[in-house]
Amino acid sequence: MLDLNRTMKNLKSEVDWLNLRFVTEKTTYRSVRDDKPDTNNINFDQGIMIEVIVNGHFGFSGTSDLSDSGIKRALQKAVAVAKAGSKHKVHDFSLAQRPASQGSYRSPVVKPLDSFSAKEIMDIFTAATSAMKLSDHIVSRSATAMIVETQVHSMSSSGADIAQNFSIVSTDYSATALKNGETQTRTDSGGLARCLQIGAEVFNRESILARCTRVAEEALELLDAENCPNTSMDLILAPDQMTLQVHESIGHPLEYDRILGDERNYAGWSFVKPEDFGSLQYGSKLMNVTFDPSISDAMASYAFDDSGLKAEKEYLIKDGKLLRGLGGLESQSRLGLPGVANSRSSSWNRAPIDRMANINLEPGTSSLEEMIAQTERGVFMMANKSWSIDDYRNKFQFGCEYAKLIENGKLTKTLKNPNYRGITVPFWSSLKAVSAARETYGSPYCGKGEPNQIIRVGHTNPFCLFENVEVFGA
Amino acid sequence: MPNFIEQTKNNFNTVADHILKSLASNEAANINLQAEESLFVRFNDNHVRQNTFVEQRVLSLTLQKNGRTANLSFSLTGNNELDLKSATTWLESARLECDLLPEDPYQVAITNNGTSDSTLLGKLLDPSAIIEAITQAAEGTDFAGLYSGGPQISANKNSAGQSHWFAAENFFMDYSIYMGEKAVKGVYAGSEWNVDSFKAKLSESKNLLSLMARPKKVLEPGAYRTYLAPGAVAELASMFYWGSFSFNGYKQGTSSLQKLADKEKSLSPLFTLVENFKMGLTHRFNSLGELAPEYQELIKDGELKTYLISSRSAKEYGVQSNQASPGESPRSLEILPGSLKEKDVLKELDTGLYLSNLHYLNWSDRANARITGMTRYACFWVENGEIVAPIADMRFDESLFDCLGGNLLAVTDFQEINPAVSTYESRAFGGNKNPGMLIKDFKFTL
């Protein structure tokens with residue numbers, strides 16, 4: 001373990017200001033397929049990011065060489081890139097974008113991850129895939145876990161000292177059924193969407209086996225289901241699909257670096273303009289959206305972002321009106337708009353950029369049963385399996401694993417291949433009911449940035465009813 | 001002081017040899033190294049948004065013991081003394097893993113697949129000169145994108161005596177230039193920076209951008225005669241990396257080419273796709289150190305010739321491996337050219353859509369190889385062989401069995417190399433090579 005205090009003392013005299021961010025991350029993959037071990041990988045990654053400011057420009061240099069000479073060389077590189085970049089800098093930054101915060105954070109854990117052995121996990125997962133063997137038509141059964149233990153220690157020469165420790169488990173249980181050339185896959189709420197800051201308590205054998213049985217039953221059910229009809233009708237989305245809907249059509253378009261054009265060459269721009277904050281009616285009055293890093297078990301809960309800004313819950317959209325965007329202190333300075341603590345990097349080898357974290361739709365007052373009862377003809381879709389949206393985050397098309405037809409206020413037939421498409425603001429304007437109950441999902445794999453970065457996001461969302469949406473099947 | 005490539009080679013040989021010499025008689029091991037020393041410069045509006053220097057080395061160890069398999073990877077510092085200590089620790093961890101895990105029924109025996117040693121040095125601009133070189137060339141444009149360059153390394157050793165080393169110095173400048181919301185995409189890549197070549201590339205992009213000055217034409221959803229330029233074909237071909245050619249995926253019911261393999265669907269005789277390492281875009285050895293065939297037809301004249309079959313899948317399903325990577329994705333894909341000449345593209349398109357790029361593709365119905373995605377960058381409405389106007393972006397939803405099947409009218413006689421520009425975790429190796437395609441009734445939905 002690198003002693004940052006000692007490292008800082010060794011380096012301090014060489015520049016006016018620097019920040020050290022030391023990251024260690026152990027990622028363990030465990031999977032069983034068809035009752036046999038499939039993947040057992042342990043990846044241990046560690047390195048340090050050196051950050052300096054020279055002439056109002058940040059320079060970054062990351063290295064896995066943690067020797068004294070390696071870190072000194074990285075500092076020289078950071079200074080060199082800062083100097084080179086400062087002649088053509090996009091903005092004049094200062095220490096105002098790097099608060100000298102001190103504090104710590106630790107994921108809520110009941111049972112530490114190391115209290116559960118590889119053997120115990122493989123035993124449960126073998127039982128899990130066995131539980132999915134309900135028929136010869138089930139041709140593939142898998143149980144997968146990605147277990148992440150991360151320690152981040154940041155320290156700056158101006159006094160910042162932040163230690164954050166994360167314990168994260170993402171799981172996926174999946175069954176593929178095949179009959180007469182028809183293939184259907186059902187998972188436990190979408191591939192690795194069930195991801196939480198949690199300990200080994202997540203490996204609850206009884207709960208896993210029950211969910212796996214349901215997954216396999218529903219995969220078989222889909223084989224004989226009708227295709228989702230091609231029409232426009234009311235649409236209820238379950239929280240495991242709302243995750244994707246909120247992520248793509250609210251989270252990304254509100255990121256300030258997209259609005260500023262930093263991301264144009266890769267993931268894209270945004271239909272949202274700086275002048276829209278405080279005026280744009282993004283959706284119906286039932287729409288209340290927050291940036292909330294305080295949800296205890298959500299993937300992207302933390303106390304400070306990677307600039308050192310304290311993370312607090314903020315309303316992005318209230319009563320349907322756009323109030324605030326997703327930008328850290330650098331973007332806030334460039335735009336002159338308030339933002340949130342979301343300057344985040346994927347690891348020690350990347351500079352922080354604006355990332356969504358936990359982006360949630362706040363609860364409403366309806367129940368799922370009331371939404372179904374008030375729908376004359378509609379479809380209830382669950383679990384994302386396909387996603388695509390344009391580079392301005394307007395025209396989207398999303399597909400789900402499983403759906404139920406709603407007729408005269410009741411769930412009737414199961415539908416396969418359910419998809420829907422729409423345009424962001426009109427779609428959110430059609431929101432006509434929001435449930436009080438919410439569920440938390442997320443993704444370990446949100447990709448963005450140049451150089452590319454994968455980051456973890458969390459989404460705690462209710463069931464939602466949308467009016468008159470274009471739906472279609474295969 | 002030795003340079004990054006030399007120092008890393010010495011470090012890898014020292015650490016890998018130490019691990020291999022430490023193995024007990026009932027143990028075998030396979031070791032891989034991924035390393036890079038990279039400069040990343042991100043531009044927005046021809047200014048520097050962020051620049052980052054990264055030096056990293058990751059060693060991956062597969063240990064086989066008593067029929068069990070453990071896979072571990074850990075960061076190397078590049079300092080032999082420190083890394084030998086951590087290698088000893090991680091080897092012990094791998095042994096403990098093997099003791100805890102069940103038997104691996106599809107374990108692939110570690111064998112000697114030969115030796116290779118290739119270091120391709122480039123002529124990259126000095127890091128201190130890169131920003132000036134790029135911003136001067138792009139002066140006067142709203143230029144955004146990423147420069148990425150430096151040495152990257154992939155190496156392998158195993159306990160059967162196998163040894164592979166591949167190092168290359170290269171760069172890419174992946175950019176777009178803007179006229180308000182309208183934009184043109186370009187990539188300048190290679191192993192030798194040439195300011196005149198970069199300026200020429202930018203000049204091409206500026207000329208194309210000038211065609212976008214006219215107001216955008218908004219089209220209704222429907223089926224249109226469409227020309228996909230090589231950049232758009234590259235996006236379409238990117239879907240083949242999502243398990244399409246995986247033999248394991250085929251057996252597990254998740255390959256999008258299942259119906260092609262089962263002869264329920266067909267593709268056009270004009271469509272031939274190969275895995276071609278002769279292009280020299282990346283190394284032939286996979287992470288097991290196996291050498292893939294230099295040239296392998298995957299789809300020939302519209303018919304699936306073979307899936308990509310890893311040695312693990314071969315063992316599981318009792319078939320012959322074709323030395324695919326464990327993930328069974330293409331690594332050096334080429335779509336072969338046809339006969340449509342560049343000068344005839346607009347004439348043959350006649351009236352329809354000219355699409356330079358596509359964006360954010362995903363399967364909308366994997367079993368039927370149906371894809372949805374968006375048009376992006378320089379996309380035009382063409383009438384009577386003349387470009388009329390840029391189009392407002394449209395969403396398509398189209399099956400490969402249609403657009404690469406009966407609706408594929410022609411394939412161009414020219415191709416473009418699409419270098420890998422992915423930088424997730426580390427810079428990717430390789431790329432692919434694609435022609436343009438003329439398609440009838442390409443379906444747009446929104």
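Predicted model: local features only at pLDDT ≥ 70, side-chain atom pairs only at ≥ 80, totals over all residues.
Helix α2 of chain B gives the second largest pocket the largest share of its lining, 5 residues. The lining as a whole comprises 21 residues, and the pocket has a volume of about 450 Å³. Both chains take part: β1 (18-33), β2 (36-54) and β5 (138-156) of chain A, as well as β3 (68-76) and α2 (80-100) of chain B, each contribute at least two lining residues.

Which residues lie nearest the centre of this pocket? They are A:Met1, A:Phe22, A:Phe44, A:Gln46 and A:Leu66. Sorted by class, the lining holds 9 nonpolar, 7 polar and 5 charged residues.

Let me turn to helix α3 of chain B, residues 127-137. Its buried residues are B:Ile130, B:Ile131, B:Ala133, B:Ile134, B:Thr135 and B:Ala137. Their cover includes a helix of chain A, α2 (68-86). From chain B, the covering elements include the strands β1 (27-44), β2 (47-65), β5 (142-158) and β6 (163-179), together with helix α4 (195-210).

My last item is B:Asp365, which is located in strand β13 of chain B, residues 352-365. Is this residue buried or exposed? B:Asp365 is buried, and yet it has no salt bridge. The nearest side chain of opposite charge belongs to B:Arg370, at 4.3 Å; a salt bridge is counted within 4 Å. Leaving aside residues up to four places away in sequence, B:Asp365 touches A:Ala474 and B:Arg370.

Technical notes
Residues numbered from 1 in each chain as written. Chains lettered and ligands numbered in written order. Heavy atoms only, no water. 1 Å grid on protein atoms, 1.4 Å probe; cavity = no way out; pocket = protein on both sides within 12 Å on 5 of 7 lines; lining within 4 Å. Points joined across faces, edges and corners; volume = space filled by probe spheres on them. Helix = DSSP H or I, 4+ residues; strand = E, 2+ residues; numbered from the N terminus. Nonpolar A, V, L, I, M, F, W, Y, C, P; charged D, E, K, R; others polar. Buried < 20%, exposed > 50% of the residue type's maximum accessible area, 1.4 Å probe, protein only. Contact = heavy atoms within 4.5 Å. Lys, Arg positive; Asp, Glu negative; His and termini not counted.
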